[in-house]
Amino acid sequence: MDMKNTIANLLLLLILCGCAVDSKPGFSDATDREMVRAILENLDSHTLDMETKMSVYHDDAIHMGQGKRAITNLKDLEALLTEERQWGHSEMKHEAYEIHSYADHVIVRGGVKGTWHSKDGETEVPFETNNLLTLKRIPEGGLKV
């Protein structure tokens with residue numbers, strides 16, 4: 001075999017090997033991190049309209065707030081978030097400590113630090129929590145809580 005054929009065969013072999021070594025088909029860790037960041041920014045915001053706020057939740061979302069009963073449907077979750085707005089708002093920052101990407105979901109281990117402010121501005125309560133978010137991959141290519 002001459003040198004040109006050897007090089008051509010090696011290039012073909014590299015291309016075929018590169019196509020076969022796709023350890024995580026259908027998603028990208030970098031893209032997942034960006035989508036997680038956008039979801040956390042939504043959760044942090046107290047100024048978004050309720051439709052935008054709810055847009056990050058999937059129909060089968062389960063919300064388990066500290067000291068509250070588990071909420072298993074979007075109607076009750078929206079009612080809770082709407083009621084909470086009557087009393088004040090939280091200025092908070094979600095942090096993602098670990099992000100684990102899988103074919104059908106993404107797991108985010110993180111925490112939240114912030115301060116709750118009463119509507120009348122007289123009370124401020126600092127808080128810090130840990131959280132675990134399971135984000136479901138949706139057919140359109142995004143993630144939802």
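**Figure 1. Glutamate 41 in helix H2 of the predicted model.** Glutamate 41 lies in helix H2 of a structure that is a predicted model. With a relative accessible area of 43%, glutamate 41 is classed as partly exposed, because that class covers the range between the 20% limit for buried residues and the 50% limit for exposed ones. Methionine 92 stands 51 residues away from glutamate 41 in sequence, yet the two C-alpha atoms are 9.6 Å apart in space.

**Figure 2. Asparagine 42 and its contacts.** Helix H2 also holds asparagine 42. Asparagine 42 has a relative accessible area of 8% and therefore counts as buried. When neighbours within four places in sequence are set aside, the residues in contact with asparagine 42 are Leu48, Thr52, Lys53, Ser55 and Val56.

**Figure 3. Aspartate 59 in the loop between H3 and H4.** Aspartate 59 is placed in the loop that joins H3 to H4. The relative accessibility of aspartate 59 is 62%, so this residue counts as exposed. From aspartate 59 to lysine 75 the separation is 16 residues in sequence and 9.6 Å in space, taken C-alpha to C-alpha.

**Figure 4. Glycine 110 in strand S2.** Strand S2 contains glycine 110. The relative accessible area of glycine 110 is 2%, which means that the residue is buried. Alanine 96 is 14 residues from glycine 110 in sequence, and their C-alpha atoms are 4.4 Å apart. Apart from residues up to four places away in sequence, glycine 110 touches Glu95, Ala96, Tyr97, Asn130 and Asn131.

**Figure 5. The largest pocket and its lining.** The volume of the largest pocket is about 1,500 Å³. Its lining comprises 38 residues, of which His63, Met64, Gly65, Gln66 and His94 are the closest to the pocket centre. Two or more lining residues come from each of helix H2 (29-44), helix H3 (50-54), helix H4 (74-87), strand S1 (88-101), strand S2 (105-118) and strand S3 (124-137). S3 gives the largest share of the lining, 9 residues. Sorted by class, the lining of the largest pocket contains 16 nonpolar, 14 polar and 8 charged residues.

**Figure 6. Arginine 137 and the ring of phenylalanine 27.** The charged end of arginine 137 is positioned over the ring of phenylalanine 27. The distance from this charged end to the ring centre is 4.0 Å. As for pairs between aromatic rings, a search of the whole structure returns 0.

**Figure 7. The chain as context for the close-up views.** The chain is built from 4 helices and 4 strands. Along the sequence, these elements follow the pattern α-α-α-α-β-β-β-β. Of the 145 residues in the chain, 29% are buried; asparagine 42 and glycine 110 are buried residues shown above. Among contacts between residues at least 6 apart in sequence, 50% join residues at least 24 apart.

Conventions
Residues are numbered from 1 along each chain as its sequence is written. This is a predicted model: local features need pLDDT of at least 70, side-chain atom pairs count only at pLDDT 80 or more; totals for chains, interfaces and linings use all residues. Side-chain values use heavy atoms; hydrogens and water are left out. On a 1 Å grid over the protein atoms alone, a cavity is a set of points where a 1.4 Å probe fits but cannot get out, and a pocket is an open set with protein on both sides within 12 Å along at least five of seven lines; lining residues have an atom within 4 Å of a point. Grid points are joined across faces, edges and corners, and a volume is the space filled by probe spheres set on the points. Ala, Val, Leu, Ile, Met, Phe, Trp, Tyr, Cys and Pro count as nonpolar, Asp, Glu, Lys and Arg as charged, and the others, Gly among them, as polar. Rings of Phe, Tyr and Trp (its six-membered ring) pair if their centres lie within 6.5 Å; planes under 30 degrees apart count as stacked, over 60 as edge-to-face and the rest as tilted. A charge sits over a ring if NZ of Lys or CZ of Arg is within 6 Å of the ring centre and within 35 degrees of the ring normal. Buried means under 20% relative accessible area, exposed over 50%, partly exposed in between (1.4 Å probe, protein chains only). Contact means heavy atoms within 4.5 Å.
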